[in-house]
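Hi,

Here is the structure I promised to pass on. Have a look first, and my notes follow below.

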Amino acid sequence: MKVHNFNAGPSVLPNEVLYKASKALIDFEGSGMSILEIGHRTELFMNVMDEARSLVRELMQLEDDFEVLYLHGGASTQFMQSAMNLLENGETAGYVDTGVWSYKAIKEAKNFGYVDVVASSRESNYNHIPKQFTIPPQSKYLHITTNNTIYGTQWQTIPVTDIPIVADMSSDILSRQMDFNRFSLIYAGVQKNMGAAGACMVAVRKSVLGKVSRKIPTILDYKVHIENGSMFNTPPVFAVYISMLTLRWLKEQGGVAAIEKVNEKKASLLYSEIDNNPLFRGTVVKEDRSRMNVCFIMDKPELEEEFLKFCKKEDIVGIKGHRSVGGFRASLYNALPYESVEVMVEAMKYFSLKKA
Ligand SMILES: *Cc1c(COP(=O)(O)O)cnc(C)c1O
């Protein structure tokens, strides 16, 4: 490993994945061509796409009604595309506003129907997940952001409701066990927990599609992508390949159940240092703490710059907090080794002693 990479996204990838991909860049599967040079309709690539899609299905244990797609445009395109495909003009969808990303999803959904913001933690700088809220029964669906990358909060339980749930899982997909079948549409930019930048994974139930009357542009119609096996146009070949390798790696680790245990260990090690070290303080309410993005600040902000420099010297990178929160954010995605968190915690201890 080169450095301890706590970047929020794009982020750390397993070494095995990088090594395999570097070979594929020169000669993919003995074809004499780079993965970047093969046709997307060749068997070589079709196998990659098929394996990636079926690994998602397997690792998430999705029911047969689900279809898995790899699309262009990142999660940000899904803010608009999900509403365009699911929300009829004049109908209402419920959204929970738990951070910048949900806020953006709300803004885009308003282009297609009414949005009822059923709860928001905006007033408290998104330091918690709203607990008490009612979902109007006529809502077409409920949209949540399962993990709030910028603020470091995470839904610990999924709301119980009869209406379909749509979820942006960009920053905690496949990091913990969850009944994914409770959802009707799940989307995730793959650059955080399932690969490199360039694609967005969408898992959608066929039964929720085809119900709006508006004309959907072909490229934005989920049904078209499903009919074409996620190959309606040239897919982001390299991003899908890296994602496939990352999912293979996850399966080799023992899948979601196994990685969840490691993720819990990493998060509790770091949070307990934050709670016990007088120099640092967490920024969100404890019960909603994210196991993926750990946000914290210093009681003496004037030391923050110095701590960042110190970390850099220790090969710890990517821990500067998002500008809207300040302080620090350590992202502990699946591919981040436990050892990196140990190094981070050692650095916090050492720095704190030096300053005492
Ligand atoms: C990173 C992130 C996004 C944005 O993803 P893009 O692929 O850059 O569009 C959206 N939602 C969440 C929760 C994220 O963490």
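I'll start with the ligand. It is surrounded by 13 residues, and the closest of them are Ser 76, Thr 149, Asp 168, Gln 191 and Lys 192. Before you read on, please keep in mind that this is a predicted model.

By class, the shell around the ligand is made up of eight polar, three nonpolar and two charged residues. Helix α3, which covers residues 74-86, gives the most to that shell, with four residues.

In the side chain of Lys 192, an N or O atom is 2.7 Å from an oxygen atom of the ligand. For Gln 191, again through an N or O atom in the side chain, the distance to a ligand oxygen is 3.0 Å. Ala 75 uses its backbone instead: an N or O atom there lies 3.1 Å from an oxygen atom of the ligand.

Sorted by class, the lining of the largest pocket has twelve nonpolar, five polar and three charged residues. So where does the largest pocket lie? It sits between domain 1 (15-252) and domain 2 (255-355), because both give residues to its lining.

The second largest pocket has a volume of about 190 Å³. Its lining comes to 13 residues, and Leu 59, Met 60, Gln 61, Gln 177 and Val 256 lie nearest its centre. Here α2 (43-60) and α7 each supply at least two lining residues. The classes are six nonpolar, five polar and two charged. Domain 1 and domain 2 both contribute to the lining of the second largest pocket, so it lies between them as well.

The largest cavity has a volume of about 90 Å³. Of the 14 residues lining it, Asn 193, Met 194, Thr 246, Asn 334 and Ala 335 are the closest to its centre. Nine of the lining residues are nonpolar, four are polar and one is charged.

Among the residues that line it are Tyr 70, His 72, His 225, Met 231 and Phe 232. Its lining has five nonpolar and four polar residues, with no charged ones.

Finally, two backbone details. Gly 9 and Pro 10 are joined by a cis peptide bond, with omega at about -5°. Pro 10 is in the loop between β1 (4-5) and α1. Leu 174 has a positive phi of about 60°, although it is not a glycine. You'll find Leu 174 in the loop between β8 (165-168) and β9 (185-189).

Cheers

Technical notes: Residues numbered from 1 in each chain as written. Predicted model: local features only at pLDDT ≥ 70, side-chain atom pairs only at ≥ 80, totals over all residues. Heavy atoms only, no water. Nonpolar A, V, L, I, M, F, W, Y, C, P; charged D, E, K, R; others polar. Domains from an automatic or database assignment. 1 Å grid on protein atoms, 1.4 Å probe; cavity = no way out; pocket = protein on both sides within 12 Å on 5 of 7 lines; lining within 4 Å. Points joined across faces, edges and corners; volume = space filled by probe spheres on them. Near = heavy atom within 4 Å. Polar contact = N/O pair within 3.5 Å; in protein donor to acceptor, adjacent residues only side chain to side chain.
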